[in-house]
Amino acid sequence: MQITVTTLSDQIFTLDVSEDLELENFKALCEFEMGIPASEIAIVSNGRPLHDDKRTLKQYEIKNGDMVLLQHIRGVQGQQSIGPQSTSGPGVPQIDFGQIQMPGFMGGQGTSGMSSGATQQRQIPPDDPKYIRDMLLANPHELALLKERNPPLADALQSEKFSQVLKQQQKERAERERERIQLLNADPFDPDIQSKIAEEIRLKNVESNMETAIEFAPESFGQVVMLYIDCLVNGHPVKAFVDSGAQMTIMSQACAERCHIMRLVDTRWAGIAKGVGTQRIIGRVHLGQIQIGKVFLQSSFSILEDQPMDMLLGLDMLKRHQCCIDLKNNKLIIGTTGTETPFLPESDLPEHARLNMSQQPQSPKSSQEQEDKINSGQGGSNASKPAFPEDIIQRLMSNGFSRSAVIQELTLANGNADQALASLFAKSFQLP
């Protein structure tokens with residue numbers, strides 16, 4: 001028969017046992033499940049504590065499907081000096097079972113050694129930061145759960161702040177527990193107390209809802225890869241983000257420069273793009289050509305100044321070409337041409353769009369930091385290239401451009417001074 005066991009901390013598990021199982025053996029099974037010594041376990045059935053360990057579950061009238069309450073009796077060892085007459089209740093003597101040497105397979109000395117080792121292991125405080133940190137680092141599954149459910153503590157795991165963050169969270173948890181106890185002892189007819197009780201019930205329901213979701217719909221806690229496709233803009237490869245929630249098709253300034261369409265930007269359409277945040281619109285390219293597969297499509301682009309993604313296909317382009325987002329087959333269908341193109345897997349996404357990034361994309365660094373990084377030979381793909389000659393930098397700066405802008409354009413032009421100068425002039429003409 002199946003017996004459901006619950007605890008005061010809302011832990012629940014089910015045991016498949018025989019009705020002739022004695023209570024002491026039932027406690028041993030609970031010890032295996034909970035890690036609590038059987039000597040510190042008390043079983044309550046229908047509000048009645050079960051004291052006689054030699055009686056069977058059938059004699060206690062426990063039937064299939066019944067639920068019993070498991071209580072952890074603490075302070076057993078702390079009362080050993082009182083004597084054998086001290087009890088916490090009828091039939092539950094306060095005896096220090098840890099001092100009793102149980103017969104084992106290895107004889108007296110071997111058993112003593114095992115007891116000593118177990119005693120030393122119990123002496124490690126369960127809330128010791130070093131112990132908890134080592135345990136998490138040695139258990140990948142628990143580490144993954146920690147990153148999902150407690151990101152601040154997971155971020156501090158590899159630093160010296162782990163102990164500080166852990167103690168702060170333990171302090172906050174103890175404070176909440178203290179407030180909960182005060183709430184239980186307060187006047188239940190006080191309006192303030194009633195509002196706090198209602199909030200406590202709400203939080204309990206939220207926690208229960210999350211536990212149910214984890215059990216029955218764990219996929220809802222996973223991250224979804226965004227929809228990107230490969231395309232060509234003016235003959236240059238671009239990874240475009242398909243976003244049916246965006247009103248217009250946009251392109252970053254860096255991508256527009258790479259595709260050589262900045263010369264077509266109409267600055268009369270400059271403005272501010274508002275959404276999750278705000279970004280400055282430099283202007284608009286009224287007609288551009290996008291190649292998806294073997295077909296060429298026309299679209300307009302709004303050029304944004306500080307845009308992390310290269311290009312975003314908005315609703316204007318998707319409706320114009322009657323596009324269909326087929327999530328079942330994981331592809332984008334162009335209705336006007338019948339072309340189908342697959343969405344990119346996570347491994348082919350741009351760096352800022354991958355799920356396994358340890359942090360969000362950072363904002364662009366200051367011009368001085370970029371200059372120092374380039375001159376020190378640490379500028380990403382240009383790390384193996386030497387610093388640009390000072391005479392070329394000075395020659396380009398003599399046209400009225402800043403040093404950081406000159407170095408940035410030389411980097412984009414792979415050191416070609418003429419191309420960098422043309423790009424600098426093109427940008428100066430496009431600025432309002």
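Which helices and strands each supply at least two residues of the lining of the second largest pocket? They are β5 (67–72), α3 (129–137), α4 (140–149), α6 (162–185) and α7 (191–216). The structure is a predicted model, in which local features need pLDDT of at least 70 and side-chain atom pairs count only at pLDDT 80 or more, while totals for chains, interfaces and linings use all residues. Residues are numbered from 1 along each chain as its sequence is written, and side-chain values use heavy atoms, with hydrogens and water left out.

**The chain as a whole**

- The protein chain holds 13 helices and 15 strands; helices (H or I, at least four residues) and strands (E, at least two) are DSSP runs, numbered from the N terminus.
- Of its 432 residues, 30% count as buried. Buried means under 20% relative accessible area, exposed means over 50%, and partly exposed lies in between (1.4 Å probe, protein chains only).
- The chain exposes about 28,200 Å², of which carbon and sulfur atoms supply 53%. Such areas come from the Shrake-Rupley method with a 1.4 Å probe, and for residues only the protein chains shown count as cover.
- Among contacts (heavy atoms within 4.5 Å) between residues at least 6 apart in sequence, 49% join residues at least 24 apart.

**The second largest pocket**

- This pocket has a volume of about 2,000 Å³. Its lining numbers 46 residues, and R173, R176, E177, K204 and E207 are the closest to its centre.
- A pocket is found on a 1 Å grid over the protein atoms alone, as an open set of points where a 1.4 Å probe fits, with protein on both sides within 12 Å along at least five of seven lines; lining residues have an atom within 4 Å of a point. Grid points are joined across faces, edges and corners, and a volume is the space filled by probe spheres set on the points.
- Helix α7 gives the largest share of the lining, twelve residues.
- By type, the lining divides into 19 nonpolar, eleven polar and 16 charged residues. Here Ala, Val, Leu, Ile, Met, Phe, Trp, Tyr, Cys and Pro count as nonpolar, Asp, Glu, Lys and Arg as charged, and the others, Gly among them, as polar.

**Nonpolar cores**

- A nonpolar core is a set of buried Ala, Val, Leu, Ile, Met, Phe, Trp, Tyr and Cys residues joined through side-chain atoms within 4.5 Å.
- The largest nonpolar core has 30 residues, of which M251, I290, F301, I303 and M311 touch the most other members. Elements that each supply at least two residues of this core include β10 (278–292), β11 (295–304) and α8 (253–258).
- Apart from this core lies another, of 18 residues, among them I3, V17, C30 and L57.
- Leaving aside neighbours within four places in sequence, I303 is in contact with residues including M251, M262, V265, I281 and V285.

**Strands β14 and β15**

- K331 lies in strand β14, and T341 is found in strand β15 (residues 339–342).
- The C-alpha atoms of K331 and T341 are separated by 5.5 Å, although the two residues are ten apart along the chain.
- T341 is buried, with a relative accessible area of 9%. Not counting residues up to four places away in sequence, T341 touches I229, I292, K331 and L332.
- With the exclusion of residues up to four places away in sequence, K331 touches C324, I325, D326, E340, T341, P342 and F343.

**Loops and positive phi values**

- The loop between β4 (48–50) and β5 contains E61, whose phi is near 60°, a positive value in a residue other than glycine. E61 counts as exposed because its relative accessibility is 61%.
- T56 has its place in the loop between β4 and β5 and is buried, with a relative accessible area of 15%.
- N234, in the loop between β6 and β7, has a positive phi of about 55° although it is not a glycine. N234 is partly exposed, at 42% relative accessible area.
- P345 lies in the loop between β15 and α10 (367–375). P345 and V225 are 120 residues apart in sequence and 7.7 Å apart in space, C-alpha to C-alpha.

**Helix α12**

- In helix α12 (residues 403–412), the buried residues are V406, I407, E409, L410 and T411.
- N414 follows α12 and has a positive phi, near 55°.
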